Amino acid sequence: MAEVMSMEDIRTEASRLDIDLSVVDWNSVWVPPGEDFGIKSDDEDLHEDNSLEFDAGFGNVIVVDNLPVVPKEKFEKLEGVIRKIYSQIGVIKENGLWMPVEEDTGKTRGYCFIEYNTPQEAELAKEKTNGYKLDRAHIFAVNVFDEIEKFMRVPDEWAPPETKPYTSGENLQHWLTDEKGRDQFVIRAGSDTEVLWNDARQVKTDPVYKRPFWTESFVQWSPLGTYLATVHRQGAAVWGGASTFNRLMRYAHPQVKLIDFSPGEKYLVTYSSHEPSTPHDSHRVVLNVFDVRTGKVMRDFKGSADEFAFGGTGGFTGVSWPVFRWGGGKEDKYFARLGKNVISVYETETFSLIDKKSIKVENVMDFSWSPTDPIFALFVPEQGGGNQPARVSLFQIPSKEELRQKNLFSVSDCKMYWQSDGEYLAVKVDRYTKTKKSTYTGFELFRIKERDIPIEVFELENKNDKIIAFAWEPKGHRFAVIHGDNPKPDVSFYSMKGGKVSKLATLKQKQANALFWSPGGRFIILAGMKGFNGQLEFYNVDELETMATAEHFMATDIEWDPTGRYVATSVTSVHEMENGFNIWSFNGKLLYRISKDHFFQKEEEISKNLKKYSKKYDVQDQDISLLLSEQDREKRKQLKEEWERWVNEWKTHHNQEKTERQILRDGEASDVEEEYEAKEVEVEELLDVSEVVVPDA
């Protein structure tokens, strides 16, 4: 930078050089780029401040193109049609529909502007009506007004994209080459997130990476362990690497709440819900399907929470999670979601519906993919008051062929369990007894890989036993069932070998309510969670013997490592005491114990910032109130219809007796009691006269 001179120095220098400053044209003075000679201009002072971000104000306005061009005589009719279509999606502002006309002819110009209360309503209107077919010649083209600027920037001539040189990335599966054959796991305690080696031989953990405030919500491994995902207000991110955890990709999705990987880790689904503009409206849901490697949005889905509130439980604002269920194994070829009377199946080659239409299944309540093949099972409950039986059907994709169907009678509830290799499907069916006052449970067992898919009906020896838990052996042919009454139910093991179900053993009176098979099969943990205070029994199903019994007091979670060699049991911040985790061998030996204060802890932060969190939990309370299943809604609808039918019958009967009531009221026509004056009338009536002769004494 040049030396700074005062104005007095400039005058002195000008006098020495015999320059008359009064005749100098200061506007002609040229300053080299980036040089200010130490003098800050007013404009640059403004630039130094944080630049103001102005809202364009047109995010709530849409432009509807390809409208009919009509004369002024038909203007009102066309405007009424457009208003009717778009007012069903959101609230149009007063004078918020403007359809320009030609000044000389009065004809419309073939497009209009619609202004909603919120940008979310405008986005929904675009999503719902872009491509809407008004008639054969007029198919709507809808854009948000803010997008016009983007279209204006499209160059007139195509230019090839810049080719970047290839750079090899890190080996994201490097952890599999660990010389000690160890696995990594992640924990969160307080504000810290840590990735650790499970060094069981040294009976301790070995730190890999630690970072405070790494996530704003939760962390999640991808299904094959390649990525670790974090969740933030701006979106999600994935991390990985050979020696440390570098951020590999970001996925922009404001206010994201939930994420879900496809089984083969090719795609990531993100979910957010947004408050409605009016209390009577449903929450606005946004779902994005990203390519994990490129970060590109392959498909987005937007709509009200009611559109995604079918099947399953969990999630936010009544939406079941995951919304999309992946099929076809680790190839990630298909994903599907449940709708009202439909199952929509998409293929990932074009991210569009297979055959451009959904599979229509009247009153379908749930479906579940095979873990390995493009086959899904669906459940339809009874209809018509039991005249039409419930059923479970198997469908092949992409042909949409129905492979097998089983009708079920007197069904109360139904759940489906696939074996990990897709060899078997167990359908647990709760049925009503003849009196309809109680239920009993049985199983329909499908042998998927056998010819014609034979089905075997299986019931416990005491079919009135309550089923507490069911679990298939991974990569095996056995399954386990906890049945009976608490606090000490029985645990039974069965085999599918030999073409029929055979019982292996029953363990009497076990303090267990959950089953955790080893990923490799053979070993299982019979766990007593919650009310059983963390009772653990390590059982060898091959030898039908107990290897060890133990206890992790108040345990909330149990997780096997992928190899089936080690087990982690943990107590998270659901309980205020004993937070931390234990690492066990497969046969029940306690290897080491780690205590962690505030393990997954959030309560302390909330207590200090109660006002900050109160609105959040008000929203969650509202979310819970919306978590009604479709069956509950149908029951409420039926009760309402029965009530209205009874009221109408009563009114009809009441009108039929009107003449009789009028006669009883001595001709008074009104039924309103307040219109009558109550009077007390005394009536004397001679009931009887008798004469008694009293003899003289």
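## Close-up views of a predicted model

The protein has 9 helices and 42 strands; helices (H or I, at least four residues) and strands (E, at least two) are DSSP runs, numbered from the N terminus. This is a predicted model, in which local features need pLDDT of at least 70 and side-chain atom pairs count only at pLDDT 80 or more, while totals for chains, interfaces and linings use all residues. Residues are numbered from 1 along each chain as its sequence is written, and side-chain values use heavy atoms, with hydrogens and water left out.

**View 1. The whole protein, to get your bearings.** Of its 697 residues, 40% count as buried (buried is under 20% relative accessible area, exposed over 50%, partly exposed in between, with a 1.4 Å probe and protein chains only). The accessible surface comes to about 43,300 Å², and 49% of that belongs to carbon and sulfur atoms; areas come from the Shrake-Rupley method with a 1.4 Å probe, and for residues only the protein chains shown count as cover. Among contacts (heavy atoms within 4.5 Å) with a separation of 6 or more, 43% come from residues 24 or more positions apart.

**View 2. Strand β41 and its two partners.** Here we zoom in on β41 (residues 580-585), a mostly covered strand with 6 of its 6 residues buried. In a regular strand the side chains alternate between the two faces of the sheet. In β41, Gly 580, Asn 582 and Trp 584 point one way, Phe 581, Ile 583 and Ser 585 point the other way, and all are buried. Strand β40 (residues 566-571) pairs with β41 in the antiparallel sense over 6 bridges (strands pair if DSSP finds at least two bridges between them). Look for Ala 568, whose bridge partner in β41 is Ile 583. Strand β42 (residues 590-595) also runs antiparallel to β41, joined by 5 bridges, and Gly 580 has Ser 595 of β42 as its bridge partner. The hairpin of β41 and β42 has 4 residues between the strands, and in it Gly 588 takes a positive phi near 95°.

View 3. Strands β15 (residues 267-274) and β16 (residues 284-291) share 8 bridges in the antiparallel sense, and Val 269 has Val 289 of β16 as its bridge partner.

**View 4. A sheet of 3 strands.** The order in this open sheet is β7-β8-β9, and the pairing is antiparallel. At the edges, β7 (184-189) and β9 (204-212) each pair on one side only. Neighbouring strands are turned by 25° against each other on average, direction ignored.

**View 5. Helix α5 and Phe 151.** Finally, we visit Phe 151, which lies in helix α5 (residues 148-152). Phe 151 counts as partly exposed because its relative accessibility is 41%.

Definitions and conventions
Axes fitted to C-alpha atoms, helices over the stretch in contact; angles between N-to-C directions.
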